[in-house]
Amino acid sequence: MPSPSAAIVKRVACPNSKHTAVNAACCSWFNVLDDLQENLLLSECGENSHSALRIVFHDAIGFSLTKDFGGGADGSIIKFGDTELEFAANAGIDETAGDLQPFADKHGKTYGDIINFAGAVGVANCPGAPRLQFLAGRPNATAPAPDGTVPEPFQTIPVILARMADAGFSPAEMIALLASHSIAAADEVDTTIPGTPFDSSADQFDTQIFIETQLRGLTFPGTGPHQGEVASPLVGEMRLQSDHNFARDDATSCIWQSFADNQPLMAKEFAAAMKKLSVLGQDVNKLIDCSEVIPIPKKSTVTPHFPAGKTHADIEQACATATFPDLPTLPGPAQTVAPVPPES
């Protein structure tokens with residue numbers, strides 16, 4: 001039984017909604033949630049949920065601790081889309097920005113808020129993901145971010161880490177953010193094969209990205225190699241050059257390996273890094289915590305494993321202080337990874 005001193009949390013009924021909230025100021029976000037899930041994200045870990053997460057990073061990383069530019073997580077990638085969506089690093093983001101803008105306008109939300117809300121909801125649609133924090137109340141962006149703030153997969157590890165450090169992120173936080181690639185697919189690296197996943201389970205927030213990136217690369221999924229792409233271990237799988245290098249660089253290889261068989265750690269560190277990313281440039285004291293609106297993700301059905309046809313012998317050991325974990329191999333013939341199907 002609860003103790004007599006246990007606090008009773010009162011919830012209020014939200015008008016024009018089936019939902020209740022602890023903070024009445026969050027009620028309007030339930031309407032946005034229902035609209036997004038029904039008409040864009042489809043309550044599934046599909047292409048639109050993946051894209052909703054991607055735009056969070058591309059918008060927020062336009063921030064610097066040392067230079068006077070960009071407002072961080074402020075929606076400038078939509079507000080000033082005529083500028084930012086022309087940057088090469090933002091290729092493919094225009095569709096997501098165009099999808100989200102009408103939801104913000106319809107519900108009277110700022111573009112910074114709609115981006116971070118949709119990203120958190122999209123992540124929640126993926127089994128195994130953490131429930132991300134969502135703070136509401138970002139003001140509208142006042143200027144575009146400059147070109148060159150979004151790291152590119154063909155850049156060297158020192159260059160990427162320097163850009164992330166300038167935005168306030170450590171190497172460990174950078175690797176934690178790359179857990180997003182567990183639910184991601186490439187459309188623009190090789191445009192002949194849109195929806196090519198980075199691991200074998202793009203509909204699950206699991207550790208396979210950190211396992212499969214450590215396997216020896218053998219082939220390209222399409223007409224590669226292209227800029228920013230290196231050989232992947234599985235037919236139908238895309239490997240980014242930057243992911244390959246992060247998994248093997250002395251500065252990051254042991255961090256990368258630490259997630260390979262530890263999904264709870266991966267989820268925890270990803271949530272912490274996203275919490276920081278989502279409020280770059282914002283005064284959190286002026287924001288309202290509406291995390292209660294974000295759905296609770298389902299548990300993942302995937303346990304860490306080597307894909308069928310692969311064993312520990314296929315691992316390219318990089319961490320100097322710990323051996324890559326010995327994992328079970330899925331039974332059956334060598335695995336082929338299917339593309340993420342497009343959504344309307």
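**Close-up views of helices, cavities and a pocket**

**View 1. Helix 2 meets helix 6.** Helix 2 passes helix 6 in a left-handed crossing (the near helix is turned anticlockwise from the far one by less than a right angle; clockwise would be right-handed). Helices here are DSSP runs of H or I with at least four residues, and strands are E runs of at least two, numbered from the N terminus. This is a predicted model, where local features need pLDDT of at least 70 and side-chain atom pairs pLDDT 80 or more, while totals for chains, interfaces and linings use all residues. Residues are numbered from 1 along each chain as its sequence is written, and side-chain values use heavy atoms, leaving out hydrogens and water. Helix 2 (residues 47–60) and helix 6 (residues 111–124) have axes 8 Å apart and pack at an angle of about 140° (0 to 180 degrees between N-to-C directions of lines fitted to C-alpha atoms over the stretch in contact). Helix 2 is therefore oblique to helix 6 (under 35 degrees is roughly parallel, over 145 roughly antiparallel, 65 to 115 roughly perpendicular, the rest oblique). From helix 2, Ser 49, Ala 52, Leu 53, Ile 55, Val 56 and Asp 59 meet Ile 115, Asn 116, Ala 118, Gly 119, Gly 122 and Val 123 of helix 6 (heavy atoms within 4.5 Å). Seven of the residues in the contact of helix 2 with helix 6 are nonpolar, four are polar and one is charged (Ala, Val, Leu, Ile, Met, Phe, Trp, Tyr, Cys and Pro are nonpolar; Asp, Glu, Lys and Arg charged; others, Gly among them, polar).

**View 2. Helix 1 beside helix 5.** Helix 1 (residues 27–41) and helix 5 cross at roughly 150°, and their axes come within 11 Å. Helix 1 and helix 5 are therefore roughly antiparallel to each other, and their crossing is right-handed. Look for Asn 31, Val 32, Asp 35, Leu 36, Asn 39 and Leu 40 of helix 1, which meet Asp 99, Leu 100, Phe 103, Lys 106 and His 107 of helix 5. The contact of helix 1 with helix 5 has five nonpolar, three polar and three charged residues.

**View 3. Two backbone details in loops.** In the loop between helix 1 and helix 2 sits Leu 42, whose phi is near 60°, a positive value in a residue other than glycine. Gly 224 and Pro 225 are joined by a cis peptide bond with omega of about 10°. Pro 225 belongs to the loop between helix 9 (208–212) and strand 6 (229–230).

View 4. The structure holds two cavities of 30 Å³ or more (1 Å grid points where a 1.4 Å probe fits but cannot get out; lining residues have an atom within 4 Å of a point). The largest cavity, with a volume of about 70 Å³, has a lining that includes Val 56, Asn 116, Leu 132 and Met 274. Helix 6 and helix 12 (263–277) are the elements giving two or more residues to the lining of the largest cavity. The lining of the largest cavity counts five nonpolar, four polar and one charged residues. The second largest cavity holds about 40 Å³ of space, and Leu 40, Asn 48, Ser 51, Ala 52, Thr 96, Asp 99 and Leu 100 line it. Helix 2 and helix 5 (93–107) each supply at least two residues of the lining of the second largest cavity.

**View 5. The largest pocket.** The largest pocket has a volume of about 1200 Å³ (an open set with protein on both sides within 12 Å along at least five of seven lines). Of its 48 lining residues, Arg 54, His 58, His 181, Phe 198 and Leu 240 lie nearest the centre. Helix 2 gives the most to the lining of the largest pocket, with eight residues.

How values were computed
Grid points are joined across faces, edges and corners, and a volume is the space filled by probe spheres set on the points.
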